[in-house]
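This report describes a protein model together with its ligand. The sequence and structure are shown first.

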Amino acid sequence: HEMREARIRKTKTVCTYCGVGCAFDVWTKDRHILKVEPQMEAPVNQISTCVKGKFGWDFVNSPDRLTKPLVRKGDRFVEVSWDEALDVIERRIKDIQAQHGYDAVAFISSSKATNEENYLMQKLARAVMHTNNIDNCSRYCQSPATEALRRTMGLGGDTGSIKDLELADLVLIVGANPAEAHPVLSTRLRRAQKKRGQKHIVADVRRNIMATRADLFIQPRQGTDLVWLSAVTKYIIDQGRHDEAFLRDRVNGFDEYVKSLEKFTLDYASEVCGLRKEEIIRVAEMIMEAERVAVCWAMGVTQHRGGSDTSTAICNLLLVTGNVARPGTGAYPLRGHNNVQGAGDMGCAPPFLPGYERVDNEAQRRKWEKLWGVELPTTPGLNNHQMVDAIHEGKLKAMYLCGEDMAVVDSNANYVEDAFRKLEFFVVQDVFLSKTAQFADVVLPAAPSLEKEGTFTNTERRIQRLYRVLDPLGDSKPDWEIIQMVANRFGANWHYSSPREIFEEMASAADLFRGASYDRLEGYQSLQWPVLPDGTDTPLLYTDGFAFPDKKARLYPVDWTPPIEVGEEYDLELNNGRLLEHFHEGNMTSRVPGIHEKVPETFVEISPELAKERGVTDGALVRLVSPYGSIKVRVTVTDRVSGKHVYVPLLSHADEEAVNRLTSSDHDTVTYTPAYKEMRVRMEVIQSC
Ligand code: SF4
């Protein structure tokens, strides 16, 4: 009995799925996961989890797990030892560097990996491989929001805490569906709505779950959010209901900004957005009536060519109405992955060192050069979008990609695959032989979050520790150990013995994290950056001024970028997004038998009117065709979508159902975030039912 008890363990971890950052204890017996038990001490979720956090863990024991390094021999992979795999990596990358220079190699880090691993990945790229060609998947999602926050307020993070959202009197939710993509956050909003009478406005092209519960739901045309947001802001100013004292004392650029709003009249907005003028006025009135307003937004805003500008319009609205830097107010771009905030914070982006210090700022770069004892490259490198183009152009020859299924999640998947075929050398480090890994020359088996220690940073800048629940399966290893082995093959001489050491090194130099330490993060403790040297953290930003030299925020005039035009034959507007049960493309959740059985394949939602027009019913098989590719999916008829708007979840088990075969390489003009939400398609009926 005692022996049996000893094999049962309880270990704290942080969820590996969305950016809410739920923490809980995991009970295990050997490798068997007995249960997930949330705790009241968990700062974000307390005793809540969603279906993924509660039941989404059996993928760690999937027979599909990679347990040995693989090296390509012709058309197949063969299992090799770690030494053999590292030999190949060393030889091939050194050859390419000697022939084509350091910038012929690029690195992609992972929002599923820990902060410590992301820190090491960019250190590997910069300090060991001498290139700033390093990026992460925030390029695919919230980079436009980060850009907008930096333009207007100074720091690229949510301005308050999830706790603050509950204190808001009004939450405006734009292009986001937290009920499925950030479930525990939506539970907290729902509780505030029921208990405190919090009001919700939802603006979305699709009648998602949040919309069905909203106090006001508006359905602007796809890609027109900047226009109605600017019209709302103009209307509030025209009514004299802007926050004069806040604007005078804490914000620059009001007069110029007001001028930029001239064209955003109610008539113009109504025509462009397809909204009634009364709807726009009602949004403005609800904002004016509320003492505390917060805005949540996500991919429906950012994944457009004007994603940064629309995010900026949201920040402008908040500044004009004085809804920043007070509890219950602020800007909340909802982060998609568990550690996408951390991947950016740790410097996995072409211009940024850890803590958003810049490679082209001499003083900041010198500090890191001193710490690492090397000279660093001085100009920003390629982002992941530019990397794909550079491969096609023959400039980029090798890629080292960690934990990102880029062949599925990047837009214009056919173009991305063609690029991977052209690479001279490709290393993929992952838990599974993903679609992307199938193009690799060397595949390195990585351990998932349950099998390692480290920290994750959630959407509200909260750093939390995760502890090792299970040992790595087979010969797989935590990413930080793999990166260290690779770095040492290139002369690095690193000797990190634990993630704690890596974190301490990072916090010793990055100003945002000066006072952060593993001791201050023990157990369920957490810290929200910036963390001052004395360990004080910052749940609410900008209470002492905005992050600019004069401490004033900046209103930033923006204009509307109309959606992409494609041929008239593409008569349907395509949208895409997450499902509650699955995470993103389903790489992990599809390997959880219970979840897979519940939602085994993707589908296309079409409206009852479109179904009638095309003579199809539930279960019909159709081909969706765009100028970039086609997919084959089954039909679900639902009033969640209307008219000629169709919706395909990101879930994709089979090649032929991956929605990114349809999307283009168009992108946000500032950040290069793909315009995933701007595609038009046509529908061919294969089988009407
Ligand atoms: Fe995990 Fe997000 Fe669900 Fe929380 S809400 S349990 S972080 S997937």
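## Contacts of V295

In this predicted model, V295 is in contact with L172, V174, I314, L318, A331 and Y332, leaving aside residues up to four places away in sequence.

## The largest nonpolar core

V295 also belongs to the largest nonpolar core, which has 213 residues. Together with L124, V232, I280 and I314, V295 is among the members that touch the most other members. Helix α10 (residues 225-238) supplies the largest share of this core, namely eight residues. In soluble globular proteins, nonpolar side chains tend to be buried together.

## Domain arrangement

The domain assignment divides the protein into domain 1 (2-61), domain 2 (70-137 + 338-446 + 471-482), domain 3 (143-333) and domain 4 (572-687). Between the C-alpha centres of domain 2 and domain 3 there is a separation of 36 Å.

The shell around the ligand consists of 14 residues, and C15, C18, C22, C50 and G53 are the closest. Two elements, α2 (51-55) and α8 (183-196), each give two or more residues to this shell. Classified by residue type, the shell holds eight nonpolar, five polar and one charged residues.

## Model confidence

The average pLDDT of the protein is 94, and 99% of the residues score at least 70. The model has an ipTM of 1.00 and a pTM of 0.95.

Definitions and conventions: Residues numbered from 1 in each chain as written. Predicted model: local features only at pLDDT ≥ 70, side-chain atom pairs only at ≥ 80, totals over all residues. pLDDT = per-residue confidence, 0-100. Near = placed C-beta within 6 Å. Helix = DSSP H or I, 4+ residues; strand = E, 2+ residues; numbered from the N terminus. Nonpolar A, V, L, I, M, F, W, Y, C, P; charged D, E, K, R; others polar. Core = buried A, V, L, I, M, F, W, Y, C linked by C-beta atoms within 7 Å. Buried ≥ 20, exposed ≤ 12 C-beta atoms within 10 Å, placed from the backbone. Contact = placed C-beta atoms within 7 Å. Domains from an automatic or database assignment.
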